[in-house]
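Student: I would like a close look at one part of this model, with the cut-offs stated as you go.

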Amino acid sequence: MEREKIVITGYGIKVPGGYGVEHFTDTLLTEKSALDLFIGEGTEGKNIAFGVVHDRLEDVQDKKYKRYPRISLLAMSAAGEAIRMAGYKNWDTYRTGVFMGTALGGTLGYDQMVVLAHQSNFKDVPVNGCGIVHYHSLASSIAEFVGVHGVTRTVATGCSASIDAIQDAMMYLHMGELDACIVGGADAPLSKTVMYAFGKIRCLSQDKELHMMGVPFSKKSGGFVMAEGASVLILEKESIARKRGARILGVIDGISTTNDGKGIFFSDREGKHLLHDIKRAAGGKNPSYVNSQALGMVENDTIEAINHMKVFGESVPITSIKGITGHTFGASAGMQIISSLIGMERHFIPSTIHIGQNDYPDVPIVCHTIQTQVDSFIVTSHGYGGNNACIFISKYEC
């Protein structure tokens, strides 16, 4: 028996260069970098870039949210935009779920908590300390903000967390437990603790000119740029969306996730498990293009390039938006999906900015925005902990 289609009816974004869908669209089309340079604030006094959301988040400034962690505020704001786009008003609150992914949780605030704890300074520990250190602040805050009471999950699996959350939500939709889901990912990782951790394993791009930091498919980038952000989508059963007259923005045609099985310190350098996911999600079809995980790390980007050529060759373009936004960890795959949904509606493929000299001459990398019809796309993601993920999304045909 064929399963009912799962469709996308709304999305919202809160990332560097994207304080909402319209702002994000403008940034993508004009190929603007949203990264900021911080002089001497990297490891050992190095210059470093971060992707910061400078938006004031005015839509979540109610005093009852004053003590909510930043990861929650970013996600709540993005969720509000997604719900408005979907036109959802009278949903069944018990049949609407929340599935949000994260890699690091709301790490902004950890540093202060650790210092106070080591000083035995109980008096100055903030009353929202549990909210800061608890991963589930992410999904539970959205459930409260939106007013739903269905299955609510925070999925903590790393950089692939947005797609992992989507896959979990789809299982509940297919089982008939839910009719609609608020899904996506968020991270607020811009803390010294996280910077030092990734700096120690030489993953961060530092002490370079800003336009050379975190450049996808560049062997000179030296690593990625840390960024904060949130990406949220609304998923529904096709029958529910059509019954309420919703505008359907895309349909999920395939999704696959795996794990490298190498533990926490190593990954599969051949990328064979991600290759499995790409083939399984694509199901033998060629997308209009691939929106890649590539983020400026040679090992990561080489896996993306090799797998792309194995499956699609030169016939399918590949791009990455990480040079614009930085790497938003658990929000990144959702951010990639949203950038492609925007492109599918407005007929363009976003570019891989600042790539300069092509270190992968045989790979059909999109170096400048291409105005073209987009009927489908693939998003790839993989990262720390060995999780790999791929999703295939296409235009909806009645």
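In which loop does Y384 lie?

Tutor: Y384 sits in the loop that joins β14 (376-382) to β15 (387-394); strands (E, at least two residues) and helices (H or I, at least four) are DSSP runs, numbered from the N terminus. The model is predicted, so local features need pLDDT of at least 70 and side-chain atom pairs count only at pLDDT 80 or more, while totals for chains, interfaces and linings use all residues. Residues are numbered from 1 along each chain as its sequence is written, and side-chain values use heavy atoms, leaving out hydrogens and water.

Y384 counts as partly exposed because its relative accessibility is 48%; that class falls between buried (under 20%) and exposed (over 50%), with a 1.4 Å probe and protein chains only. Together with I264, F265 and F266, Y384 forms a nonpolar surface patch of about 530 Å² accessible area. Such areas come from the Shrake-Rupley method with a 1.4 Å probe, and for residues only the protein chains shown count as cover. Patch members have over 30% relative accessible area and no salt bridge; nonpolar side chains (Val, Leu, Ile, Met, Phe, Trp, Tyr) are joined within 5 Å, like charges within 9 Å. A salt bridge is a side-chain nitrogen of Lys or Arg within 4 Å of a carboxyl oxygen of Asp or Glu.

S340 is buried because its relative accessibility is 0%, and 13 of the 15 residues of α12 are buried.
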